[in-house]
Amino acid sequence: MEKLKIAVQKSGRLSEKSLQLLKECSIKLTNGNRKLISVSSNFPIEILFLRDDDIPQSIYDSVADIGIVGENEFVEKNYPLKIYKRLGFAKCRLSIAIPKTENFDSLEYFQNKKIATSYPFILKSFLKKNNINAEIHQISGSVEISPGIGLADGIFDIVSSGSTLISNGLKEVEKVMDSEAVFIGNPNIKTTKKEILEQLLFRINSVQQANSNKYILLNVPKGNLDEVIQIIPGMRSPTIMPLIDDEWCSLHSVVNEQEFWEVIDQLKSAGAEGILVAPIEKMIL
Ligand code: PRT
Ligand code: ZN
């Protein structure tokens, strides 16, 4: 039977979350110790473990059909591939930073300066768009030390908390792009594989929906029911169950994680008691 080949980072910041996502999609992988290839025993996919830098090309060369990479890597490599899904983890940004003692007014600062980076393509496009004529010095690791050792005037690199910049005496002066893990693939996957991909994307959507929502149960005085239903309408409408005390009833619904604390406060003010909140494993709309 045909299998969809998925390239996943072998080891690094994306690996664990990528495998966890597949697990949450109820996909069982046999070879857990991450050799080169792992096959699923209950879903028609094969996982190829690669360095993240190699994932876009492996898809372009049809070694894999789809893969999980940081958006930065996808944009940098610039292959004609497609983002099938944004995955919401490994969030970071790509920024330009300079020594903290320097004064910075505008991008003009970089005219005829030297910037070190591992992302020359993204930087070049950004500088061109802003009419800045700077020299790009491409290096593959420890970019943040280049200004300190006189190799460059500034750097263009991934920033997450910002602590690497601080510990190297640098300050972030321009954010160029945001990045997160993305599911990329060949835009022209053949039909049989496309069907598997669609099933997989359906599962990922259910997992993402479930992760961003909570199941909520609460007791409400019957007289306040209308008010409470306004606060949590539920997916279609909430479930109401009788309680032995017939002045009260129990209401079951779903709330979005983002609105969660605000909703809880409103429910308490509307007389709700005994509020229970539980995680949802899968959610199919
Ligand atoms: O071995 P392989 O080539 O597969 O891995 P890698 O070392 O190239 O990549 P890896 O595992 O470090 O990162 C994979 C992807 O995770 C990146 O392409 C980004 O999309 C994403 N990501 C998210 C990050 C970070 N956050 C991050 N903080 N990638 C790198 N960093 C580094 C950054 O380079 C800098 O040195 O962490 C430092 C900055 O962190 P802060 O918190 O100090 O700002
Ligand atoms: Zn890499």
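Colleague: Where does ligand 1 lie relative to domain 1 and domain 2?
Modeller: This is a predicted model. Domain 1 covers 4-90 + 180-210, and domain 2 covers 92-179. Both give residues to the shell around ligand 1, so the ligand lies between them.

Colleague: Which pocket does ligand 1 take up?
Modeller: Pockets are found on the protein atoms alone. The space that ligand 1 takes is the largest pocket.

Colleague: Which element gives the most residues to the shell around ligand 1?
Modeller: Two elements give two or more residues to that shell: α5 (163-167) and β9 (154-159). The one that gives the most, with 3 residues, is β9.

Colleague: How do the residues of the shell divide into nonpolar, polar and charged?
Modeller: In total, 20 residues surround ligand 1. Among the closest are Asp53 and Gly162. The shell divides into 5 charged, 5 nonpolar and 10 polar.

Colleague: How far is an oxygen atom of ligand 1 from an N or O atom in the side chain of Thr164?
Modeller: The cut-off for a polar contact is 3.5 Å. Asn72 has a side-chain N or O atom 2.6 Å from a ligand oxygen. Ser161 places a polar side-chain atom 2.6 Å from an oxygen of ligand 1. For the side chain of Thr164, the distance is 2.5 Å.

Colleague: What share of the area of ligand 1 does the protein bury?
Modeller: Taken alone, ligand 1 exposes 840 Å². Of that area, the protein buries 79%.

Notes:
Residues numbered from 1 in each chain as written. Chains lettered and ligands numbered in written order. Predicted model: local features only at pLDDT ≥ 70, side-chain atom pairs only at ≥ 80, totals over all residues. Heavy atoms only, no water. Near = heavy atom within 4 Å. Polar contact = N/O pair within 3.5 Å; in protein donor to acceptor, adjacent residues only side chain to side chain. Areas by Shrake-Rupley, 256 points an atom, 1.4 Å probe, with all protein chains shown as cover. 1 Å grid on protein atoms, 1.4 Å probe; cavity = no way out; pocket = protein on both sides within 12 Å on 5 of 7 lines; lining within 4 Å. Sits in = over half its atoms within 2 Å of the grid points. Helix = DSSP H or I, 4+ residues; strand = E, 2+ residues; numbered from the N terminus. Nonpolar A, V, L, I, M, F, W, Y, C, P; charged D, E, K, R; others polar. Domains from an automatic or database assignment.
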